[in-house]
Amino acid sequence: MTRLLVNIDHVATLRNARRETFPDPVQAAVLCELAGADGIVFHLREDRRHITDRDVFRLKEVVQGKLDFELSTNEEIVSICCQVQPHLATLVPERREEITTEGGLDVSANRARLQEVIPRLFDAGIEEVALFVDPDPRQIEAARAVGANAIELHTGDFANAPTE
């Protein structure tokens, strides 16, 4: 069955750019679910450029469907994720110079850290741990080898391809 999870990060980006309390990403999440979304995706970045810690805990309280917590392998962020216990934790690369995630995680290059983090997330009671990877068979196989039980494919190259 196809499921729709809506990413609310850039609602928070707009709020923060305005230095206001609105638009509220948590209210946006509620509206998405009322409109039929099966869940909500958010990325708590190390620099808190959009979603904040307060947003994370409010989302955990109000989201009725699946909650997908996107995160880097930063220790502080991993600890918050373990505390929140979302349904799904998606490990993503994080580079401060990018506006949004622009590529997949290099699983092979980050193998040692991933083999520490993934079991911690499962031990915290998180049902699914996904890795955001490029559509490269080697990265997909590496994701399985480090213990992830799901992947999300970065499709930017396909979306930006000049031909079919």
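Start by selecting S5 and S6: these two strands run parallel and are joined by four bridges (strands pair if DSSP finds at least two bridges between them; helices, H or I with at least four residues, and strands, E with at least two, are DSSP runs numbered from the N terminus). What you have on screen is a predicted model, so local features need pLDDT of at least 70 and side-chain atom pairs count only at pLDDT 80 or more, while totals for chains, interfaces and linings use all residues. Residues are numbered from 1 along each chain as its sequence is written, and side-chain values use heavy atoms, with hydrogens and water left out.

**The S5 neighbourhood**

Click on Leu 131 and look across to S6, where its bridge partner is Ile 151. To get from S5 to S6, follow the chain through helix H6, residues 137-145; this β-α-β crossover is right-handed (with the strands pointing away from the viewer, the path from the first strand over the helix to the second runs clockwise). Step along to Phe 132, and you'll find Glu 152 of S6 standing opposite.

**Into the largest pocket**

Rolling a probe the size of a water molecule over the atoms shows where empty space is left. The largest pocket here holds about 420 Å³ of space. On a 1 Å grid over the protein atoms alone, a pocket is an open set of points with protein on both sides within 12 Å along at least five of seven lines, whereas a cavity is a set where a 1.4 Å probe fits but cannot get out; lining residues have an atom within 4 Å of a point. Grid points are joined across faces, edges and corners, and the volume is the space filled by probe spheres set on the points.

Select Asn 7, Val 41, Glu 70, Phe 132 and Glu 152: of the 25 lining residues, these are the closest to the pocket centre. Then bring up the elements that give two or more residues to the lining: S1 (5-7), H1 (9-18), S2 (39-43), S3 (66-71), S4 (88-91), S5 (128-133) and S6 (150-153). Which of them gives the most? That's S6, with four residues. Colour the lining by type and you get nine nonpolar, nine polar and seven charged residues (Ala, Val, Leu, Ile, Met, Phe, Trp, Tyr, Cys and Pro count as nonpolar, Asp, Glu, Lys and Arg as charged, and the others, Gly among them, as polar).

**The aromatic pair**

Next, show the rings. The structure holds one aromatic pair (rings of Phe, Tyr and Trp, the last by its six-membered ring, pair if their centres lie within 6.5 Å; planes under 30 degrees apart count as stacked, over 60 as edge-to-face and the rest as tilted). The pair is Phe 42 with Phe 69, and it counts as tilted because the planes sit at 55°, with the ring centres 4.8 Å apart. Phe 42 is in S2 and Phe 69 in S3, so the pair ties together parts 27 residues apart in sequence. Both of these phenylalanines are buried.

**Loop stops**

Zoom in on the peptide bond joining Phe 22 and Pro 23: it is cis, with omega about -5°. Arg 19 lies in the loop between H1 and H2 too; its phi is near 55°, a positive value in a residue other than glycine. Arg 19 is exposed, with a relative accessible area of 77%.

Compare Arg 48, in the loop between S2 and H3 (53-62). Its phi is also near 55°, but Arg 48 is buried, with a relative accessible area of 19%.

Finish at His 154, in the loop between S6 and H7 (156-159). His 154 is buried, at 10% relative accessible area. Draw a C-alpha to C-alpha distance to Pro 135: His 154 is 6.6 Å from it in space and 19 residues away in sequence.

Conventions. Buried < 20%, exposed > 50% of the residue type's maximum accessible area, 1.4 Å probe, protein only.
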